[in-house]
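I opened this entry to keep track of what I looked up, one topic at a time.

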Amino acid sequence: MAAPLLFLAPSLVVVFAVLVFPIVFSLVVSGFKWPLSVGAGERAFVGLGNYVDLSRNPEFWNSIKLQLGFIFIAIPIELILGYAAALLLNREFLGARVVRTLLLLPVFFLPIISGMTWRFMLQPRYGPLNALLLTLGAPEITWLSDPTFAYLAVVVQDVWRMWPFMFMLLYAGLTSIPDELIEATVVDGAGFWRRQRSLILPLLTPTILTALLLRIIDALRVFSEVYVMTEGGPGSATLLFSLFANRVAFGYGEVGLASAMAIFLLVLSIVFAATLVRKNMSLDILEEKAGGR
Amino acid sequence: MNKRRRKFLRNLLIGIAAFVVLVVELYPIGITVLNGFRRDIVILSGRPFELSQLTLRSYALVLKNPSFLLGLKNSIEVGLFATLLSVAIGAMASYGISRYRFRGRNVLAYGFLIFRMLPQISLVIALYLMFKAAHLRDTISGLSLSYVSFNVPYVIWMLLPFFAAIDRSYEEAAMVDGCTPFGIFWKVFLPLAAPGLVVSAVFAFINSWNEFMYALILTGVNAKTAPVAINGLIGGETLTWGQACAAGTIMLVPVFVFTVAMQKFLVRGITAGGVKG
């Protein structure tokens, strides 16, 4: 018992200091009216008051609506694009490897560079997208100062950045399907759509579910790219959950209320993360060679 | 013969389609890199691109910009410091999990993984209050510590498959020779695990390099990193797109090298918790 403890002690100390303690502390703070600056009034215990306030706060529900819309619009599009690209690129042609690698660049880019890039693309007058609209004879769109278009732009940015993520996982899944199985359906005379429905989709379903869970967990905490792109604006048109919590804590200075939001999102994320871990992650890799000690 | 020609034509068409997809996908990145080599006044005029516009002026400006230079220095320091700590701590934990069986081992391993996936906003408010009380706010060590928090669980899971693949006979031989458990880990095991350590270190560094939210909230003037400095370049009233894009391109160089060099490990890296700032 002593030896494993020796190896695990440093990580346990870190996890306790910067993960467990902050969570417990957030839970405590969420029970208080807790101003950010000392001059802004006294701290006072309010029990579940912050959670009640949240449930009555239209801005809170707005951020939930925006967050859910973001997840339900962006992720299905990413899945479809990624699936199509995986099918297209699952064969060898000149430069196939280069294409498959370079497509992944946006996934690993700094989120803030993605936000900055799209902020530039959508600028009035000199932004490339508006230049294109003008060349086509269409009217210019002031993307980032129109609530609907700004929200759309945030979704488009995410689709652009993350569909290659779906592609990468689905492609990895596709290559693990034996060629003989696919050839067998070709010999049987099954067409493209029937082959998808009866063979490839069922075999890929576990991969698709994993990819969806990973993306949902990721999309629940989106912040940087949107912050740089719109700062949550115009008004609160793109104020997704994390951006709103940040504004409540460090803009309005209501740390207690923001902590209640933090706990709410934490619980939601743990549900998804635990589902993913139970479904997908396994210590079995350790058992093959392991005898234990 | 006919069949071979049809196959060749089909592959040619697919190659062209793939190339078009790639060009469209990388176009925004190309624009950003290109704008780093153009003057602000040219960018703002909306004039179409010409070769004569190319200049290193924005790079010269941004490399003299004290805010970005400090940010770059801090990004490198925090990245290296956080990586070193995370790999040291993570490798020990991963070794403990892969080589020993003990009560609570599964709970612990899966717990680490769940912690990796928690949203940063859920932790950063408490971290802000804690760091302020402990005078760690706006310090390199404070920010590095916050990066260690998400990198340690990540490194642990990145390393598990590497560690599981290492033959135990060396360690068993060392044990017969009377080495202590830590001596075996340090002198016998770690050299064998070097490739895995390098891969997880590279991932940990990129995680830290790309991070924005903790840096934004937990630092001020002294410890702010390059992403925060770049955000300052685009947020203001004056539009310095050229400088912002030059700075962004500098930040993208390690990421580009990473994506190409780590190809083999990208899927594993992403399923161990995703690369996300």
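Domain bounds here come from an automatic or database domain assignment. The model is predicted. With those bounds, I noted that chain B is divided into domain 1 (2-57) and domain 2 (65-271). I took the centres of these two domains of chain B over C-alpha atoms and found them separated by 33 Å.

I then looked at where the two domains of chain B meet. Domain 1 of chain B puts nine residues into the contact, and domain 2 of chain B puts in eight. On the domain 1 side, helix H1 (2-35) and helix H2 (40-45) of chain B each supply at least two residues. I sorted that side by class and got three nonpolar, three polar and three charged residues.

**Confidence**

I checked the predictor's scores. The complex has an ipTM of 0.90 and a pTM of 0.91. For chain B the mean pLDDT is 90, and 96% of its residues reach 70 or more.

**Chain B as a whole**

I counted 14 helices and zero strands in chain B. Read from the N terminus, the elements of chain B therefore run α-α-α-α-α-α-α-α-α-α-α-α-α-α, and the radius of gyration of chain B is 24 Å, well over the 19 Å that the globule rule gives for 277 residues, so chain B is more spread out than a compact globule. The C-alpha trace of chain B spans about 75 × 75 × 30 Å along its principal axes. Of the 277 residues in chain B, 50% are buried. I also looked at sequence separation: among contacts in chain B with a separation of 6 or more, 81% are between residues 24 or more positions apart.

**Chain A as a whole**

I went through the corresponding entries for chain A. Its secondary structure comes to 13 helices and two strands. Along its principal axes, the C-alpha trace of chain A spans about 75 × 75 × 30 Å. Buried residues are 40% of the 293 in chain A. For contacts in chain A between residues at least 6 apart in sequence, I found that 70% join residues at least 24 apart.

**Where the chains touch**

**Helix H12 of chain B**

I asked whether helix H12 (residues 226-235) of chain B is mostly covered, and noted that eight of its ten residues are buried. The buried residues in H12(B) are B:Ala226, B:Pro227, B:Val228, B:Ala229, B:Ile230, B:Asn231, B:Leu233 and B:Ile234. What covers them? From chain A, the cover includes helix H6 (111-121) and helix H11 (224-230). From chain B, it includes helix H4 (66-99), helix H11 (213-218) and helix H13 (241-261).

**B:Thr180**

Last, I looked up a loop residue. B:Thr180 lies between helix H8 (169-176) and helix H9 (181-192) of chain B.

Note on methods. Residues are numbered from 1 along each chain as its sequence is written. Chains are lettered from A and ligands numbered from 1 in the order in which they are written. This is a predicted model: local features need pLDDT of at least 70, side-chain atom pairs count only at pLDDT 80 or more; totals for chains, interfaces and linings use all residues. Helices (H or I, at least four residues) and strands (E, at least two) are DSSP runs, numbered from the N terminus. A residue is buried if 20 or more other C-beta atoms lie within 10 Å of its own, exposed if 12 or fewer, and partly exposed in between; C-beta atoms are placed from the backbone. Two residues are in contact if their C-beta atoms, placed from the backbone, lie within 7 Å. pLDDT is the predictor's confidence in each residue, from 0 to 100. Ala, Val, Leu, Ile, Met, Phe, Trp, Tyr, Cys and Pro count as nonpolar, Asp, Glu, Lys and Arg as charged, and the others, Gly among them, as polar. The radius of gyration is taken over C-alpha atoms; the globule rule is 2.2 Å times the number of residues to the power 0.38.
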